[in-house]
Amino acid sequence: MCINGSFTLQLGNKTTDSATGTTCGSYTESPPLPEKVKLMPNKLYTMTLTAVPSGSDGGLSSIHLEVTCPTCFTVYIDGVETSTYDGPGPGCDTGEGLTQNFTVVIKSKSTSGAGTAGTGSVSAGSSSGGLGGSFSLGGSANDSAGEISFSAGTISPDLFATSALNYVSVTSDVEVIRDSGTNALRQIKAPETLADIVTISATSYEIRFYPISQVGVKV
């Protein structure tokens, strides 16, 4: 900010410490947020800039904001695909303060490393029989959150039980819950989706994918 006064930034439930500038003729950088803000993809957040002039001769001449996120996501500020915002303030020496809200949304990029959450395929395992398949968990801080998969050289009833499903964690921002009795996969929470694995019968199950914006707090 180019400011003669003080300002703070709030995003989600985090607020920066107050930063103070003594002249509109030079740039004053905001202190970092106390910790990284965890934003869910495709959910609208509000970022608030609050500026207070140093007195009747204080003011804010220009605003520069930057939002960074993992490379597998794209930032939208006020509906525009951009990670930065530049705009004017009320002006220097006006004695005017400012409270301005910006909308922030992050969306997953379509990359070769991270498929769209919930998409996948099933195919014949080999020329002699069998079956295999995989389903993407979307993007993550490491580009891909991995996939749920299964594979067998021959088809048997066991192939259609949840115990046949596999997931290998490739990033720390994915949470895996397993059945306490069988150790089979039960739920996987990734940055973009929650995969809920529901047993229908001994030889059938469903993998239900929910957008992370529809997932509540773990209890």
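Biologist: Is valine 217 buried or exposed?

Modeller: In this predicted model, valine 217 belongs to the segment that follows strand S16 (204-211). A residue counts as exposed when its relative accessible area is over 50%. Valine 217 has a relative accessible area of 77%, so the residue is exposed.

Biologist: How many Å apart in space are valine 217 and serine 123, C-alpha to C-alpha?

Modeller: In sequence, valine 217 and serine 123 are separated by 94 residues. In space, their C-alpha to C-alpha separation is 36 Å.

Biologist: Is threonine 162 buried or exposed?

Modeller: Threonine 162 is found in the loop that connects strand S12 (147-152) with strand S13 (175-178). Leaving aside neighbours within four places in sequence, threonine 162 is in contact with Ala184, Leu185, Ile197, Thr199 and Tyr205. The cut-off for a buried residue is under 20% relative accessible area. Because the value for threonine 162 is 13%, the residue is buried.

Biologist: How many helices and how many strands are there in the chain?

Modeller: The secondary structure of the chain contains strands but no helices. The count is zero helices and 16 strands.

Biologist: Why is the chain described as more spread out than a compact globule?

Modeller: For 219 residues, the globule rule gives 17 Å. The C-alpha atoms fill a box of roughly 80 × 35 × 20 Å along the principal axes.

Biologist: Which residues have the most contacts inside the largest nonpolar core?

Modeller: In soluble globular proteins, nonpolar side chains tend to be buried together. The largest nonpolar core here has 22 residues. Strand S1 (2-11), strand S4 (45-53), strand S5 (59-66), strand S6 (73-77) and strand S9 (98-108) each give two or more residues to this core. The residues with the most contacts inside the core are Met1, Phe7, Met47, Leu49, Leu60, Ile63 and Leu65.

Biologist: How many residues has the other core, which lies apart from the largest one?

Modeller: This other core includes Phe135, Ile148, Ile188 and Ala190. Its number of residues is 14.

Biologist: How many Å apart are the centres of the positive and negative side chains?

Modeller: The chain carries 11 positive and 19 negative side chains. The centres of these two sets are separated by 11 Å.

Technical notes. Residues are numbered from 1 along each chain as its sequence is written. This is a predicted model: local features need pLDDT of at least 70, side-chain atom pairs count only at pLDDT 80 or more; totals for chains, interfaces and linings use all residues. Side-chain values use heavy atoms; hydrogens and water are left out. Helices (H or I, at least four residues) and strands (E, at least two) are DSSP runs, numbered from the N terminus. The radius of gyration is taken over C-alpha atoms; the globule rule is 2.2 Å times the number of residues to the power 0.38. Lys and Arg count as positive and Asp and Glu as negative; His and the chain ends are not counted. The place of a charge is taken as NZ of Lys, CZ of Arg, CG of Asp or CD of Glu. A nonpolar core is a set of buried Ala, Val, Leu, Ile, Met, Phe, Trp, Tyr and Cys residues joined through side-chain atoms within 4.5 Å. Buried means under 20% relative accessible area, exposed over 50%, partly exposed in between (1.4 Å probe, protein chains only). Contact means heavy atoms within 4.5 Å.
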